[in-house]
Amino acid sequence: MRIPAFIRLTIRNVRVNTDPGTMLFMLGLPALYLVVLGIMFQGIIPSIDINSSSISYTKFLAPGIVGMQAFTAGNIGGGMLWSDRRWGMFEQLLVGPFRRSEYLLGIMVVSIIFSLGGSAIMIALAISISGSFAFTAVSAGYLILILVAGTIFFSCLFLIISIVVRTMQAYNTITIFLFFTLDFASTAFYPLTSKTPLALRAVSDINPLSYVANVVRDAMVYGVSAQTGYQTLIVLLLMFVFFGISLYLYRNVQTGL
Amino acid sequence: MSSSADPSILVENLVKSYDGRKNAVDGLSFSVDRGEIYGLLGKNGAGKSTTIKVLTTLVPPTSGRVSISGIDVVKKPNLIRKIIGVVQQEEAFDFTTVEQNFKIYGMLWEVPRETVKARTEELIELFNLTEVRRKRVFELSGGQKKRLQVAREFIHDMEVLFLDEPTVGMDPIMRRSVLDFISNKAKNGLTILFTTQILEEADYICRRVGIIDRGKLVAEGSSDELKNRYGASKKLSVRTSRDLSESEISEFNGLMISIEDVDDFSVGRNEIWAMGKQMNRVMNEVMRKMAAMSIDVEQVNMDTPSLDDVFLDVVKR
């Protein structure tokens, strides 16, 4: 039986990225946040009260960490183009039995696999720490939809960076800056309240990771509402816009750096 | 599809311009037969890599016709990529272990698992990678990486192989072994387009070579043909058994100037050397003169041209 080219590329992407370093970045770090920050901050923040609902800090944090998986997986997936260009494999694959579109699809699929797989692990870890979450068929659907859309959006963001940036130093600087800005200036770790500094609130309001984290939180904790649908639409819209931009740039990208 | 009558590689009036002004490849034409190793030689920037990029479907030609096994590269690039192998000049690896590189590459090329296993063992041994088979690629030396890069390409079957400076960083023993391996593959029907900066390699392995300069083919033929055609400049050196007097030196200077075939010469105290095309005639003239002047010869040398000489001669024109 013939395996389609994009699946072969996906298998390759999975194998290449299941090294200890990538695993630590994708699973170890979020797990550490969940366990260490969750348990430590729970002592300081006994509960999070939003919309007359009170939940424990670990229960609040867990969806944020799950949402972060979309960002991390997008970083790994989109960043593959940069490393493949840097290390010659992009050109090597394009002179092999593959089309450019299949290479791109391979990146998107591996990002989604990592995102959903990582999220499942984080949810399991969160359940073991803070008990079960109230999933319904609709909320599970929202959860999968937002993770897929968020992952594609972040993959496209990092694809664009991979195409535009030419040096390793610049690439690393940008990704580290984005990692800290998007992660910590979002609603993944703490809620936006009246006490939140204005600047942080402003960044968080335009931060796509906030929208992903909010939808995941609704799906796992608060329940799906009109606001959930609205925020999902924003992420979907961003996904389409960034997919279009990355596709436009990707069509003409040189094979090497 | 292809027929056995088609040349394996056919390039006709290929022009490639990146900016619309200067042509990186400028009306290049050549063909390579099935099972032939064809050397494409040229200075840096001569157009070799661009030609390979066009042939391997990475960049489209500006004009001209290019086909591989009778398949048009522009019209059916996806089909082309299924029948070619490419070893790039630059490193190209997945940063896994040596063994995993073979496995992943075999999987990408849809080679049956058992075949991948058997070929991996064979190639690891042939390319002397046994000791590093479980090491990750970033731990390898430059020569080991290059060996892996070349070896990995043979995990899959192909009709045409493009080798862009495949032996860079290899020691002479390994280089010879790799060239012999490649040569055997050609004997079994694999067509190879080979570029190198080490012209001895081209001399050793290629049935024909083409020299390109500024995007044009400036010379083509077998190594011997090119040596005869372009590299006919030979160097004659004659060492005398005693020092020559000033008047004798002057006589020999006069002789050299009088012979049309001498391009360059020098007459020293006890050595005369000359460069030119018909050096046998020059040698006869020098010997006759020496006999007439009762000067004994201690040593005579006539250097035959190498492919390096041909290359230098052709690209200097």
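1. Start with one pair of residues in chain B. S237(B) has N301(B), in strand 14 of chain B, as its bridge partner. The model is a predicted one.

2. Four strands of chain B form an open sheet in the order 12-13-11-14, with antiparallel pairing. Strand 12 (262-267) and strand 14 (297-303) of chain B are the edge strands, and each pairs on one side only. On average, neighbouring strands here are turned by 10° against each other, direction ignored.

3. Which strands does helix 9 of chain B lie across? Helix 9 (residues 246-258) lies across strand 12 and strand 13 (271-276) of chain B. Helix 9 of chain B runs at about 175° to strand 12 of chain B. Helix 10 (residues 279-292) of chain B also packs on the sheet. Helix 10 touches strand 11, strand 12, strand 13 and strand 14 of chain B. The direction of helix 10 makes about 15° with that of strand 11 of chain B.

4. Now the domains. Chain B is divided into domain 1 (9-221) and domain 2 (233-304). Taken over C-alpha atoms, the centres of domain 1 and domain 2 of chain B are separated by 46 Å.

5. Look at another sheet of chain B. An open sheet of four strands has the order 2-1-4-5, and its pairing is antiparallel. Strand 2 (23-32) and strand 5 (71-72) of chain B each have a single partner strand, so one side of each has no neighbour in the sheet. Strand 1 (residues 9-17) and strand 2 of chain B pair in the antiparallel sense, over seven bridges.

6. Follow strand 1 and strand 2 of chain B residue by residue. L10(B) has S31(B), in strand 2 of chain B, as its bridge partner. V15(B) stands opposite D26(B), also in strand 2 of chain B. The hairpin of these strands has five residues between them. In that hairpin, G20(B) takes a positive phi near 80°.

7. Helix 1 (residues 48-55) of chain B touches strand 1, strand 2 and strand 4 (63-68) of chain B. The direction of helix 1 of chain B makes about 115° with that of strand 1 of chain B.

8. Where do the chains meet? In the contact, 22 residues of chain B touch 19 residues of chain A. On the chain B side, helix 2 (77-83), strand 6 (84-87) and helix 3 give two or more residues. Helix 3 of chain B gives the most, with four residues. By class, the chain B side has ten nonpolar, six polar and six charged residues.

9. Helix 1 (residues 5-17) of chain A and helix 3 (residues 98-108) of chain B have axes that come within 9 Å and cross at roughly 165°. The two helices are therefore roughly antiparallel to each other. Their crossing is right-handed. R8(A), I11(A), R12(A) and R15(A) meet Q100(B), I104(B), M107(B) and L108(B).

10. Chain A has helix pairs of its own. The axes of helix 5 (residues 100-130) and helix 6 (residues 137-164) of chain A come within 9 Å and cross at roughly 130°. These helices are therefore oblique to each other, and their crossing is right-handed. Helix 5 of chain A brings residues including I107(A), M108(A) and S111(A). Helix 6 of chain A brings L147(A) and T151(A), among others. How many charged residues does the contact of helix 5 with helix 6 of chain A have? There are none: the contact has seven nonpolar and five polar residues.

11. One last pair in chain A. Helix 3 (residues 57-86) and helix 9 (residues 208-222) of chain A pack at an angle of about 130°, with their axes 8 Å apart. That angle makes helix 3 of chain A oblique to helix 9 of chain A. The crossing is right-handed. Helix 3 of chain A contributes residues such as G64(A), G67(A) and F71(A), and helix 9 of chain A residues such as V212(A) and R217(A). By class, the residues of this contact divide into eleven nonpolar, two polar and two charged.

Notes. Residues are numbered from 1 along each chain as its sequence is written. Chains are lettered from A and ligands numbered from 1 in the order in which they are written. This is a predicted model: local features need pLDDT of at least 70, side-chain atom pairs count only at pLDDT 80 or more; totals for chains, interfaces and linings use all residues. Axes are lines fitted to C-alpha atoms, for helices over the stretch in contact, and angles run from 0 to 180 degrees between N-to-C directions. Angles under 35 degrees count as roughly parallel, over 145 as roughly antiparallel, 65 to 115 as roughly perpendicular and the rest as oblique. A crossing is left-handed if the near helix is turned anticlockwise from the far one by less than a right angle, and right-handed if clockwise. Two residues are in contact if their C-beta atoms, placed from the backbone, lie within 7 Å. Two strands pair if DSSP finds at least two bridges between them. Ala, Val, Leu, Ile, Met, Phe, Trp, Tyr, Cys and Pro count as nonpolar, Asp, Glu, Lys and Arg as charged, and the others, Gly among them, as polar. Domain bounds come from an automatic or database domain assignment.
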